[in-house]
Amino acid sequence: MKRILVTGGGGFLGSWLCEKLLEKGNEVICLDNFYTGTRRNVYHLLDNPKFELIRHDVTFPLYIECDEIYNLACPASPIHYQRDPVQTVKTCVHGAINMLGLAKRLNAKILQASTSEVYGDPAIHPQVEEYWGNVNPIGIRSCYDEGKRCAETLFKCYHMQNNTRIKIIRIFNTYGPRMHPHDGRVVSNFILQALQNQDITIYGDGSQTRSFCYRDDLIDGMMRLMATGDDVTGPVNVGNPGEFTIIQLAENVIELTDSKSKIIRMPLPSDDPKQRKPDISKAKELLNWQPVTPLREGLKKTIEYFDDLLKSDPEFCKGE
């Protein structure tokens with residue numbers, strides 16, 4: 001049994017990670033300031049004697065004891081991280097410094113939840129870990145993109161200078177139950193609009209591509225990376241190499257929800273990537289991992305979640 005800290009543990013992915021770690025018999029400390037995470041995601045864990053919930057902001061130091069740290073704390077959708085870009089950068093950078101300092105003191109393994117956004121609007125396709133990226137350092141997405149890039153730098157520096165036991169995972173688009181209904185991500189947007197027979201909003205002509213990884217597959221890859229030896233530091237891409245256009249996603253959602261929604265188009269936001277697809281060769285080699293959930297199967301489970309949410313808590317779905 002390990003004592004494991006999950007920062008951002010009240011979020012979409014963090015809450016599922018906490019659940020899976022508890023199922024493995026570990027003690028789990030869930031840390032969240034609930035800026036984008038929510039207690040509803042971990043309510044069902046509160047009675048578990050091996051689970052502890054702490055409200056804390058990672059931009060401030062933390063003094064606890066643990067064996068492993070999963071650093072997931074950071075708003076991960078444009079609508080949230082652009083609301084307070086300065087705080088987003090602080091969460092990425094100060095949060096990394098504080099968690100790395102804790103890991104150094106404890107000689108604990110620490111995993112950084114990085115992102116495919118470090119590749120920016122990529123000039124190569126698919127994206128391999130050796131690619132340095134094409135990122136606008138002063139754009140509307142730069143608080144997140146460059147914040148995560150700097151966090152990766154800090155992790156590598158702590159490893160080189162202090163032999164800190166690091167892992168870096170680059171997460172590609174992930175979806176599934178417990179996504180926040182107002183995170184502005186394309187999957188949650190389309191599903192909520194379709195379930196309510198509202199117009200489905202596509203930005204640009206819909207030809208831009210994304211690769212959608214179901215949450216269970218992503219969490220499995222994350223835990224596999226943490227379980228590797230100290231010689232495996234990453235970064236490692238974890239995502240689904242299946243590539244879909246945004247218009248294909250919208251058509252799938254309309255079909256699966258039997259919706260009367262119409263597709264409308266809006267101007268493409270600044271710095272929005274045109275293509276996104278992971279090369280997962282390293283994940284296959286180092287982690288023996290690849291995604292197993294087809295898009296339509298994952299969408300069905302996600303649609304069921306949002307359908308239940310609309311019925312049980314319509315106010316939460318209407319506004320924050």
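The cover over the buried residues of helix 7 includes helix 5 (186-195), strand 8 (200-203), strand 9 (209-210), strand 12 (244-245), strand 13 and helix 9 (295-312). The model is predicted; local features need pLDDT of at least 70, side-chain atom pairs count only at pLDDT 80 or more, and totals for chains, interfaces and linings use all residues. Residues are numbered from 1 along each chain as its sequence is written, and side-chain values use heavy atoms, with hydrogens and water left out. Helices (H or I, at least four residues) and strands (E, at least two) are DSSP runs, numbered from the N terminus. Contact means heavy atoms within 4.5 Å. Buried stands for under 20% relative accessible area, exposed for over 50%, and partly exposed for values in between (1.4 Å probe, protein chains only).

Helix 7 itself spans residues 246-257. Its twelve residues reach 17 Å from the first C-alpha to the last, close to the 16 Å expected at 1.5 Å a residue. The expected span is 1.5 Å times one less than the number of residues. The buried residues in helix 7 are I246, I247, L249, A250, N252, V253, I254 and T257. D258 follows the helix. Its phi is positive, near 50°, in a residue other than glycine. D258 sits in the loop between helix 7 and strand 13. There D258 is exposed, with a relative accessible area of 68%.

Helix 1 covers residues 12-23. It has twelve residues and reaches 17 Å between its first and last C-alpha, close to the expected 16 Å. Helix 1 is mostly covered, with ten of its twelve residues buried. Among them are F12, W16, L17, C18 and E19. Just after helix 1, G25 takes a positive phi of about 90°.

L17 also belongs to the largest nonpolar core, which has 60 residues. A nonpolar core is a set of buried Ala, Val, Leu, Ile, Met, Phe, Trp, Tyr and Cys residues joined through side-chain atoms within 4.5 Å. L17, Y70 and M222 have the most contacts inside this core. Residues up to four places away in sequence aside, Y70 touches I4, L5, V6, T7, L17, L21, L111, M222, M223 and M226. Another core, of 29 residues, lies apart from the largest one and includes L106, A108, C143 and L154.

Y203, I264, M266 and L268 make a nonpolar patch of about 330 Å². Patches are made of residues with over 30% relative accessible area and no salt bridge; like charges are joined within 9 Å, and nonpolar side chains (Val, Leu, Ile, Met, Phe, Trp, Tyr) within 5 Å. Accessible areas come from the Shrake-Rupley method with a 1.4 Å probe, and for residues only the protein chains shown count as cover. M266 is found in strand 13 (residues 263-266). M266 is partly exposed, at 41% relative accessibility.

The structure holds 19 salt bridges. A salt bridge is a side-chain nitrogen of Lys or Arg within 4 Å of a carboxyl oxygen of Asp or Glu. One of them joins E27 and R3, at 3.2 Å from N to O. E27 lies in strand 2 (residues 27-32) and R3 in strand 1 (residues 3-7), so this pair ties together parts that are 24 residues apart in sequence. E27 is partly exposed at 26% relative accessible area, and R3 is partly exposed at 28%. R3, E27 and E52 are linked in a network of salt bridges.

R170 pairs with E152, the closest N and O atoms being 2.7 Å apart. This bridge links distant parts of the chain: R170 is in strand 6 (residues 166-171) and E152 in helix 4 (residues 142-162), 18 residues apart. R170 is buried at 7% relative accessible area, and E152 is buried at 9%. R185 and D183 meet in a further salt bridge, at 3.4 Å from N to O. R185 is partly exposed at 25% relative accessibility, whereas D183 is buried at 4%.

Several loops show backbone features. H125 and P126 are joined by a cis peptide bond, with omega about -5°. P126 lies in the loop between strand 5 (109-115) and helix 4. A cis peptide bond also joins G234 and P235, with omega about 10°. P235 is placed in the loop between helix 6 (215-226) and strand 11 (236-238). N163 has a positive phi of about 60° although it is not a glycine. N163 stands in the loop between helix 4 and strand 6. N163 is exposed, with a relative accessible area of 56%.
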